[in-house]
Amino acid sequence: MAIELKMPALSPTMEEGKLAKWLVKEGDEVSSGTILAEIETDKATMEFESIDEGTVGKILVEEGTEGVKVGTVIAMLAGEGEDASSIEAPAEPKVEAQQVKSDVIQDVSATSGTAKLATEEKPKKRDPEVPHGTNMKTSTVRDALRDAMAEEMRRDERVFVMGEEVAEYQGAYKVTQGLLDEFGPKRVIDTPITEYGFAGIGTGAAMGGLRPVVEFMTFNFAMQAIDHIINSAAKTNYMSGGQMRCPIVFRGPNGAASRVGAQHSQNYGPWYASVPGLVVIAPYDASDAKGLLKAAIRSEDPVVFLENELVYGRNFELPELDDHVLPIGKARIMREGSDVTIVSYSIGVGVALEAAEKLAEEGIDAEVLDLRTLRPLDKEAVLESLAKTNRIVVAEEGFPVCSIASEIASICMEEGFDDLDAPVTRVCNEDVPLPYAANLEHAALIDTDRVIEAVKKVCYR
Amino acid sequence: MPKTKTDAASGTTDTPVTPATQDDFDLGSLQQALEGDKRYKADKEELLKLYEQMLLIRRFEEKAGQLYGLGLIGGFCHLYIGQEAVAVGLQSALDGDKDSVITGYRDHGHMLAYGIDPKVIMAELTGRAAGISKGKGGSMHMFSVEHKFYGGHGIVGAQVPLGAGLAFAHKYNEDGGVAMSYFGDGAANQGQVYEAFNMAALWKLPIIFVIENNQYAMGTAVNRSSAETHFYRRGSAFRIPGMQVDGMDVLEVRKAAEIALEYVRAGNGPVLMELNTYRYRGHSMSDPAKYRSREEVQGVRDKRDPIEHAKAELVELGMSEDTLKDLDKTVRKQISEAADFAESSPEPEMSELYTDVLVERY
């Protein structure tokens, strides 16, 4: 049977092109790989190769023709045992249909995944009740994090910890203290200073079935590795149609520390929270640090777990439970109030709580909502609190532009507009790289006074 | 001279550390083994099988190029034509139950070398629900965890540390598996490749790094991009033995793979193999190929084609022309069925837009 040679698409965007030159003529024998013609696209001149064997029968589009639509039959090729000279051109040069379109979006039936996602109740997870009489102990965030890792490593052989100075040095910030002694060098692994490399190795190990906890000495250094966090870890499950999972935790301190300058002081919460396929957690106190890190290690999804160096040493109450695991994706009301909601996360929660105490003295009853998870964000909790207080201030230790605070503002505008009695107000760091000088650094970071001022403004006080 | 070091914090006892001396690393130790006996001794049936796999890849890729031209395949599409002997030769030496493979975006051939149904691969190229990634990955992002094939990665060089991670998992699980990480001469200039080399050698990870040197990083010839164009030497700084292999001869590839596998399986750490090969087509479908001459491409096709080479050898071994002709027909039929399937099967349901973003619901 004669073979139709059609005008090929030679780039992702090409719709038509110029048939610049024929390199074969009627009657020529061609085989796979023979260059048939030169075609000019909008970008370049390309060669058009034959993939079939045969004899060129008829040339239907002369060289020099411009605007030849992709799919137009430009020549006929006679196959084995056919007479090239008797080949007929097709009735009229036809244009190949581009795609077989399936259902359009409106036709999504009630049983489809989309409909389910839209209608199915999200699992109503709440923090598990702490049984009455549970002993509360005082713990630093640092120890809570360490205990979380140790407990999960005891529970699951696949869990291991890798990073710079996590083993023999006992952790640059002592978060992994004692793990090497208990679990040995097979499971507590010092890496060279090579973030891109070990983030990739950790991600590959997760693809291969392990449960890595990759520590970045700080998230500033994870910038070297962000390609693996985003392109390798976060996208794998989707790109593979759900075939290949990547259960990994990237953890370490995030945000401003103290007097370490611009390159070591940045909150990456908004960066990672913008990436579909990641879970992003940024706890404040010891209980959440422990319960959420344990949940992160057990999750089937890649998790970015953002800690804060300035909070590591703070003491909090921690319930003494055998297995303290908290739900990912749920915000927590840290302080109930009725006049205004201060939304925050990580170190900002401490600032918000302090502001709320001072505001109480002035007769303003502020609710403090700790987001805890930045992705997926607990919108319901934000909107519920808004419905109650009608005013929202977001306190965020991070840059103001494209921040979590910006996201909260749009959620309230789009889905809680009728509940708003005042504009959603952002209290963030100044929009500058973090300076070194003590006075300038102090001026750049959020503080209680700024939160109080913003709260008073939205309360019209 | 032996040194000792102590670590007061962990209380571990002195660990003797043997420093590297010049003479205990020989870059060419495995090459010597290969030089002694370069080609795998395949009988007629074995060679026919390898030939069939290479032919399947060739015909598949030609068809893919055609479907791209018809607008049925979109975006980027990188063809493996010319490089078939690499994936086929190497993968034929692996233990399918234990060993894992990872590669970059030029991944159709590696999938086919596993015997994965061409239909589901072609349907992925056309973005259909029946595709191996449900149509959500495309040409560059195909995976088969069942076959321990871990993709299909679009960021040049990313598969090298990821592959080292797979090797890490083999070692951690003590499952006896070896990871094979393929990358190109272009990727060989990425920094993360050397970060992975360092850790793989330091931790003696069971991995074979495979550089498919097809002579061009997109349009940049190796001598215009690389200070050291003998890529097998690129592991020297990490004490990784190198091998230089004719990637156009499937039996030499197979033999080299066996030597490398034996070394890696014995717990010696990584091997770096450079396979010299050639890509007949452009870097991707939209490559105007102005950086090399037609004569150069034709010269390789005429003189070094891996499939023609294997075919001639089969004939020499007494395989009849008819058998080979029938095989070609069978393969063409298989590919044309795959193309029909890929053209006619439906696109993904709209619901797939939102599935598989995360595994769990929170």
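Okay, one definition before we start: a residue is called buried if 20 or more other C-beta atoms lie within 10 Å of its own, exposed if 12 or fewer, and partly exposed in between, with the C-beta atoms placed from the backbone. Lys134 of chain B is buried by that rule, because 23 other C-beta atoms sit within 10 Å.

Now some housekeeping. This is a predicted model, where local features need pLDDT of at least 70, side-chain atom pairs count only at pLDDT 80 or more, and totals for chains, interfaces and linings use all residues. Residues are numbered from 1 along each chain as its sequence is written, while chains are lettered from A and ligands numbered from 1 in the order in which they are written.

So, back to Lys134(B). Its phi is positive, about 60°, although it is not a glycine. You'll find it in the loop between helix H5 (118-125) and strand E4 of chain B; helices (H or I, at least four residues) and strands (E, at least two) are DSSP runs, numbered from the N terminus. Tyr460(A) is another non-glycine with a positive phi, about 55°. Is Tyr460(A) buried or exposed? Exposed, because it has 8 C-beta neighbours inside 10 Å. It lies in the segment after helix H14 (448-458) of chain A. Most residues other than glycine have a negative phi, and most peptide bonds are trans.

On peptide bonds, then: the one joining Arg375(A) and Pro376(A) is cis, with omega about -5°. Pro376(A) is in the loop between strand E20 (373-375) and helix H11 (379-389) of chain A. Over in chain B, the bond from Gly151(B) to Gly152(B) is cis as well, with omega near 15°, and Gly152(B) belongs to strand E4 (residues 149-152).

Staying in chain B, look at Leu112(B) in helix H4 (residues 108-113). It is buried, because 25 other C-beta atoms lie within 10 Å. Its contacts, leaving aside neighbours within four places in sequence, include Gln53(B), Phe60(B) and Ile121(B); contact means C-beta atoms, placed from the backbone, within 7 Å. Leu112(B) and Gln53(B) are 59 residues apart in sequence, yet 7.5 Å apart in space, C-alpha to C-alpha.

Let's move to the sheet in chain A. It is open, with seven strands in the order E11-E10-E12-E13-E15-E14-E20 and mixed pairing; two strands pair if DSSP finds at least two bridges between them. Which strands stand at the edges? E11 (188-190) and E20, each with a single partner strand, so one side of each has no neighbour in the sheet. The twist averages 20° from one strand to the next. Helix H8 (residues 286-298) packs on this sheet, touching strands including E14 and E15, and its direction makes about 160° with that of E15(A). For that angle, axes are lines fitted to C-alpha atoms, for helices over the stretch in contact, and angles run from 0 to 180 degrees between N-to-C directions. E14 (residues 279-281) and E15 (residues 303-307) run parallel, joined by three bridges, and Ile281(A) stands opposite Phe305(A).

Last, confidence. Chain A has a mean pLDDT of 91, and 92% of its residues reach 70 or more; pLDDT is the predictor's confidence in each residue, from 0 to 100. Over residues 93-116 of chain A, though, the pLDDT is below 50. Where pLDDT is low, the predicted coordinates should not be read in detail.

Note on methods: Two residues are in contact if their C-beta atoms, placed from the backbone, lie within 7 Å.
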